[in-house]
Amino acid sequence: MAGNSQRRNRRNPGSKKGPSVGTGGHSRKALEGKGPTPPASERKGHKKNRMAKAATKRAGAGNKSRGSARRGGKAGSELVYGRNSVVEALEGGVPASALYVQQFIDNDERVREALQLANERGVPLMEAPRMQLDNLAEGHNHQGLILQVPPYEYAHPDDLLARAAKNREDPLIVALDGITDSRNLGAIVRSVAAFDGHGVVIPERRAAGMTAGAWKTSSGAAARVPVARMTNMTRTLEAYQKAGCFVVGLAADGEGELSDLEALTGPVVIVIGSEGKGLSRLVSETCDLTVRIPMPGAAESLNAGVAAGIVLYEAARLRGRR
């Protein structure tokens, strides 16, 4: 009887009594090793993994544009990649909300310099695994350092008029018709600050914005001069005209010469065209007058930033005579 019971149990693996039938080697893979344990920040469900994902999500959310119709809105936050670029941005006074540093990074001279500058400026340091930095960089060569630049808060075009009124001055505003080089934008902002202008107006689309490069070129002037953003250049210029401003466009074939332009002594908006095409047709037609800068030399045209500096200097000179 005992033998029969044991045979029944071998044929019936679900029986609670007696020996059970083996796997015959079918589950051998379940016993094999799965390689080295990944770091905590990469293990699903671990606290450090959740923290890393949350940090990546926050940085990604910052890259999305957030708008405000009245105030001109905010640009998306910007990321500066690479050791040299990060050091140059920190040295140039570019605003920064965080410096991401790769765990176990090679501590060379540029890394030490970046860390020192960040500490001196009070920029928070965020140590993160390489995987997180790779996700933030989206294919860029970050070299273990990523600087997060906060969104630039643009003004509204009306704010520039209000700034002039507050100082009891005639408005001196520069409008840019499609400038695409951020360094030109930064140079123009710097010139506006140097010659007591009240701000710069730029289009929302197809134009350079206040990036880290523009901020660095402005040499800190971007902290003092508001940059406003508009959706339609011609409508903005017409609004300035209704507010009593004389709108002057710079053009190589302008109707008059800059030296004869007495309008610079009053409320004025100076419009500068794009690097390649100059003023667009609609903008040129909207201007009260187009003027040229006389050039006795062989050059056909001037860089947009240089041209803006010349006109702003002439405006400051004429206004000083009043």
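1. A word on terms to start: contact means heavy atoms within 4.5 Å, and helices (H or I, at least four residues) and strands (E, at least two) are DSSP runs numbered from the N terminus. With that in hand, Arg 83, Asn 84, Val 86, Val 87, Ala 89, Leu 90 and Glu 91 of H3 touch Arg 110, Val 111, Glu 113, Ala 114, Leu 117, Ala 118 and Arg 121 of H4. By class, this contact has eight nonpolar, one polar and five charged residues (Ala, Val, Leu, Ile, Met, Phe, Trp, Tyr, Cys and Pro count as nonpolar, Asp, Glu, Lys and Arg as charged, and the others, Gly among them, as polar).

2. Please keep in mind that this is a predicted model, where local features need pLDDT of at least 70, side-chain atom pairs count only at pLDDT 80 or more, and totals for chains, interfaces and linings use all residues. Residues are numbered from 1 along each chain as its sequence is written, and side-chain values use heavy atoms, with hydrogens and water left out.

3. Now the geometry of that first pair. The axes of H3 (residues 83-91) and H4 (residues 109-121) come within 9 Å and cross at roughly 30°; axes are lines fitted to C-alpha atoms, for helices over the stretch in contact, and angles run from 0 to 180 degrees between N-to-C directions. H3 and H4 are therefore roughly parallel (angles under 35 degrees).

4. The axes of H7 (residues 182-194) and H11 come within 8 Å, crossing at roughly 10°, which makes H7 roughly parallel to H11. Asn 184, Ile 188, Ser 191 and Val 192 of H7 meet Ala 304, Gly 305, Ala 308, Gly 309 and Leu 312 of H11. Here the classes are five nonpolar, four polar and no charged.

5. On to the pockets. On a 1 Å grid over the protein atoms alone, a pocket is an open set of points where a 1.4 Å probe fits, with protein on both sides within 12 Å along at least five of seven lines; lining residues have an atom within 4 Å of a point. The largest pocket is lined by 23 residues, with Leu 250, Ala 251, Ala 252, Ser 301 and Leu 302 nearest its centre. Strand S10 (268-273), strand S11 (289-292) and helix H11 (304-320) each give two or more residues to this lining, which divides into twelve nonpolar, seven polar and four charged.

6. The second largest pocket has 14 lining residues, and Asp 177, Pro 203, Arg 205, Arg 206 and Met 233 lie nearest its centre. Helix H9 (233-242) and helix H10 (281-286) each supply at least two of the lining residues.

Key. Parallel < 35°, antiparallel > 145°, perpendicular 65-115°, else oblique.
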